[in-house]
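Please open the model in a viewer and keep the selection panel at hand.

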Amino acid sequence: MFTTRFTETFGIEHPIVQGGMQWVGRAELVAAVANAGALGHITALTQPTPEDLVKEIERCRELTDKPFGVNLTILPAITPPPYMEYAQAIVDSGVKYVETAGNNPTEFLEIFKPAGIKTIHKATTVRHALKAQQIGVDAVSIDGFDCAGHPGEDDVTNLILIPRAADQLDIPIIASGGISDARGMVAALALGADAINMGTRFMATAESPIHDRVKDHLVQADERMTDHIFRSFRNTARVAKNSVSQEVIRIEKEGGQFEDVRELVSGARGRTVYETGDTDAGIWSAGLSQALIEDVPTCQELVDRMITEAEEIINDRLAGLLNTPVAG
């Protein structure tokens, strides 16, 4: 059993988090993560309306009596979603944990805090994490270079990013990116993190609401099977390597603009991947941690295995490396 500042602050049994994932963070996965003693998050914007989010929260409550959260990713858009309405739906539903990502969440904290909601903000740099701490979030999830989705533009791995953050932050830190087993968990805790976040690893679980062919792809993939797209737009995203991502990269290298790839990277095409199992149907997120995924367990099996193996690593392998002086 691991007790950290994160488990104590958020009332969670294990220092493991399943963050928001578009089209993936649904009730069945989140409840399974919660029942395993970790902290799962429903992805708010996967639901088409705030009213649908309320229904999804209720559906999750029917599947678990353990705590869970909601992810609200706030990004600029030509036609932005009604973010504040989603936030109010979270408050009205009595959810006590929120993971924010994207833009500065100050205006949302103004309604979350009075409702007693604890907030985790995702950041890709120490400077952004410090700003999040300053505005009053309760924990920061630090996304390193290895992560799926948006790793920022600094290309700093967690081997440097986590200890740098631990040296400067006073609130709990969650290490995100490149972690899918007990070895990554122990390493993150050693670097100064108080918990870990896994996205790609939780995609390849029995309760994950995506097609089995996508899960099989993650099991077979290695560390070379991701691409960085949008680098030329200064909005880098790590995605599964496929014919679509390669076409996007080709267009970028030839000087193309976002308008030239808009149709290729549409969210609707990415959703089709998860629903049909056609891994070349569109862009979809996958992190380098896919290289360490070898099976599709239940969330309970995964979390139990990670905790057991993490304890074994610390008590057996690491303890065995210590040279204890011989008495006398």
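This is a predicted model: local features need pLDDT of at least 70, side-chain atom pairs count only at pLDDT 80 or more; totals for chains, interfaces and linings use all residues.

Select Pro50, Leu53 and Val54 in helix 3 together with Glu85, Tyr86, Ala89 and Ile90 in helix 4; these residues of the two helices meet one another. By class, the residues of this contact comprise six nonpolar, no polar and one charged.

Now extend the selection to the whole of both elements, residues 50–63 for helix 3 and residues 83–92 for helix 4. Their axes lie 9 Å apart, and the packing angle is about 30°. Angles under 35 degrees count as roughly parallel, and helix 3 and helix 4 are therefore roughly parallel to each other. Viewed as a crossing, helix 3 passes helix 4 in the right-handed sense.

**Helices 6 and 7**

Next, select residues 126–135, which form helix 6, and residues 158–168, which form helix 7. The two axes come within 10 Å and cross at roughly 35°. This crossing of helix 6 and helix 7 is right-handed. To display the contact, show the side chains of Val126, Leu130 and Gln133 from helix 6, and of Leu161, Arg164, Ala165 and Gln168 from helix 7. Coloured by class, the contact residues of this pair divide into four nonpolar, two polar and one charged.

**Helices 8 and 14**

Move on to helix 8, residues 182–191, and helix 14, residues 299–320. At what angle do helix 8 and helix 14 pack? The angle is about 65°, and the axes are 8 Å apart. The crossing of helix 8 and helix 14 is right-handed. On the side of helix 8, select Ala182, Arg183, Met185 and Val186; on the side of helix 14, the residues that they meet are Met306, Ile307, Glu309, Ala310, Ile313, Ile314 and Leu318. The contact of helix 8 with helix 14 has nine nonpolar residues, no polar ones and two charged ones.

**The cavity**

How many cavities of 30 Å³ or more does a search of the whole structure find? The search finds one. The volume of the largest cavity is about 30 Å³. To locate the largest cavity, select its lining residues: Thr124, Thr125, Pro151, Gly152, Glu153, Asp154, Asp155 and Val156. Two residues of this lining are nonpolar, three are polar and three are charged.

How values were computed:
Residues are numbered from 1 along each chain as its sequence is written. Side-chain values use heavy atoms; hydrogens and water are left out. On a 1 Å grid over the protein atoms alone, a cavity is a set of points where a 1.4 Å probe fits but cannot get out, and a pocket is an open set with protein on both sides within 12 Å along at least five of seven lines; lining residues have an atom within 4 Å of a point. Grid points are joined across faces, edges and corners, and a volume is the space filled by probe spheres set on the points. Ala, Val, Leu, Ile, Met, Phe, Trp, Tyr, Cys and Pro count as nonpolar, Asp, Glu, Lys and Arg as charged, and the others, Gly among them, as polar. Axes are lines fitted to C-alpha atoms, for helices over the stretch in contact, and angles run from 0 to 180 degrees between N-to-C directions. Helices (H or I, at least four residues) and strands (E, at least two) are DSSP runs, numbered from the N terminus. Angles under 35 degrees count as roughly parallel, over 145 as roughly antiparallel, 65 to 115 as roughly perpendicular and the rest as oblique. A crossing is left-handed if the near helix is turned anticlockwise from the far one by less than a right angle, and right-handed if clockwise. Contact means heavy atoms within 4.5 Å.
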